[in-house]
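This report covers nonpolar cores and aromatic pairs. The structure comes first.

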Amino acid sequence: LITDLMDKLTHIFGQGLSNSFYPVPQQAVGVGSAFEGWSPHAQDVVYHVLVPLSPPPGHAFHLELDTAGMLQRNFCVRVELLCTCTRERLEEDMLCFLHHPEEELRRKQDPSLLHTLCTGSYLDVEKTVHWFCRCVRVAWLLLPQSRHWRLVLQPCSRSCKFQLSKDKESFTAEMIFAVQQGDSDIFVGSQPTEVGIPSTTWLETYAVAEAKFFRHISRQAPQDSCHCKCLQLLTGFLMGVGFSSYALKTVVMHLLSTVPLTRWHRRDFGQRLMDILKYLRCSVDTKQLHHFVVGNASFPMEISLPSGFRVAEAPNLFEHLASSPDAHRKAVQEYNCLLHR
C-alpha cells in the first residue's frame with residue numbers, strides 16, 4: 001500500500017510540477033526496518049521512505065560539506081542557476097534566469113528555486129518539507145485511495161509524516177527528502193535530528209545502501225534464513241536498554257559478512273543469536289563498533305558508494321564508551337540486562 005501510494009504521488013507531482021521550478025521528486029525508496037524485514041513492533045511500525053529530489057530545469061545542486069562529524073557528516077545543498085539560452089533557441093518555453101531582466105522574468109515565468117525554498121543560496125529543509133506536505137494534501141484528493149482511506153498529516157519540521165486509516169487498520173509513513181551524492185546510493189537527507197540544527201543542514205544517510213545490502217543478502221541466503229528474525233527478536237528487548245537498534249543492526253550486518261550464509265538456516269537460530277550477543281559484548285569491552293558502510297572494503301560492489309568510501313577510516317559507533325568511563329560502565333550493565341531478558 002505504501003509503495004503503491006508513493007508511486008502514484010510521485011507521478012502526480014511529476015505532472016503538476018513539470019512547468020515549475022520546484023525540486024523534482026524521483027521514485028521513492030523504502031528504507032529502515034519495515035522494508036528490510038525486521039521491524040520489532042508490528043503494531044507501531046513506521047514505514048520510512050526516502051524521496052530523492054532532483055534540481056528543476058535551469059538549476060543545479062552542489063553538496064558542500066558542513067561538518068565532518070565522526071559518526072555522521074553534515075552537508076549544505078547549494079543551489080546554482082544555469083544558463084538555459086540554448087533551450088530558448090530550441091523554442092522551449094523557458095527564459096534563462098541568468099540572461100533575462102528580472103522584470104521580464106517576474107512577468108513571464110515562475111520564480112526560481114532560489115526565491116521559493118532556499119535560504120540564501122542553500123536549499124532549506126524546513127521550507128522544502130512544508131511545501132511538500134502542502135502538495136501531499138492536494139495530491140491525496142486525486143488518488144483512488146482517498147475514497148477508502150483517511151490521511152492525517154502529523155506536523156514535523158524535517159519530514160512529512162502521515163497516518164493512513166480505514167476501519168480498524170492504520171499505517172504510519174514518514175517521507176524523508178534527500179539529494180543524491182553523485183550516482184551513488186549515499187544521500188544527504190532531511191531526517192529528524194537533534195533540536196537546534198540549522199534548517200539548511202542535510203545529514204548524510206546510508207539508509208538506501210543498507211536497504212540494498214539486506215536485499216543483496218536475501219537473494220543469496222537460504223530461504224528459511226533467520227537473520228531478520230534474530231534482529232527482530234533482539235531489538236524487541238531493547239526497551240529501557242541503552243543500545244540503539246542501529247547498533248544491533250550494525251552487529252548483524254558485520255556477522256552476515258563473516259559467517260557463511262549457509263549457516264543462517266532456521267535450525268541455526270540459537271547459535272546465531274549467541275554470535276550476535278558475543279559480538280556485541282566484545283564491541284562493548286573493546287569500546288569499538290565500526291560503521292558497516294563507511295570504511296568497509298568488503299561492502300558489496302553492486303551497491304554504489306562515493307569514491308573513497310570503502311577505504312575511508314570507519315567511524316566508531318561506540319566512541320562515546322572510549323571517552324567516558326561512566327558511559328562504559330553503564331553499557332556493560334545494559335548488556336547484562338539485555339542478556340538476562
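Phe-177 is buried, with a relative accessible area of 0%. This value comes from a predicted model. Phe-177 pairs with Phe-132. Their rings are tilted, 4.4 Å centre to centre, with 50° between the planes. Phe-132 sits in helix H5 (residues 125–140) and Phe-177 in strand E10 (residues 169–180), so the pair ties together parts that are 45 residues apart in sequence. Both belong to a cluster linked by ring pairs, along with Phe-13, Tyr-22 and Trp-131.

The structure holds 14 aromatic pairs. One of them joins Phe-21 and Phe-97: the centres are 4.9 Å apart and the planes are at 80°, so this pair is edge-to-face. Phe-21 lies in the loop between helix H1 (2–16) and strand E1 (24–25), and Phe-97 in the loop between helix H3 (85–89) and helix H4 (102–108), so the pair ties together parts that are 76 residues apart in sequence.

Relative accessible areas of the paired residues:

| Residue | Relative accessible area | State |
|---|---|---|
| Phe-21 | 6% | buried |
| Phe-97 | 12% | buried |
| Phe-132 | 1% | buried |
| Phe-177 | 0% | buried |

Now the cores. The largest nonpolar core has 46 residues. Phe-213, Phe-243, Ile-276, Leu-280, Val-293, Phe-299 and Phe-318 touch the most other members. Helix H8 (245–258) is among the elements giving two or more residues. H8 provides the largest share, 7 residues. Domain 1 (1–206) and domain 2 (220–340) both contribute, so this core lies between them. Apart from it lies another core of 41 residues, including Leu-17, Leu-53, Val-79 and Val-125.

Note on methods
Residues are numbered from 1 along each chain as its sequence is written. This is a predicted model: local features need pLDDT of at least 70, side-chain atom pairs count only at pLDDT 80 or more; totals for chains, interfaces and linings use all residues. Side-chain values use heavy atoms; hydrogens and water are left out. A nonpolar core is a set of buried Ala, Val, Leu, Ile, Met, Phe, Trp, Tyr and Cys residues joined through side-chain atoms within 4.5 Å. Buried means under 20% relative accessible area, exposed over 50%, partly exposed in between (1.4 Å probe, protein chains only). Helices (H or I, at least four residues) and strands (E, at least two) are DSSP runs, numbered from the N terminus. Domain bounds come from an automatic or database domain assignment. Rings of Phe, Tyr and Trp (its six-membered ring) pair if their centres lie within 6.5 Å; planes under 30 degrees apart count as stacked, over 60 as edge-to-face and the rest as tilted.
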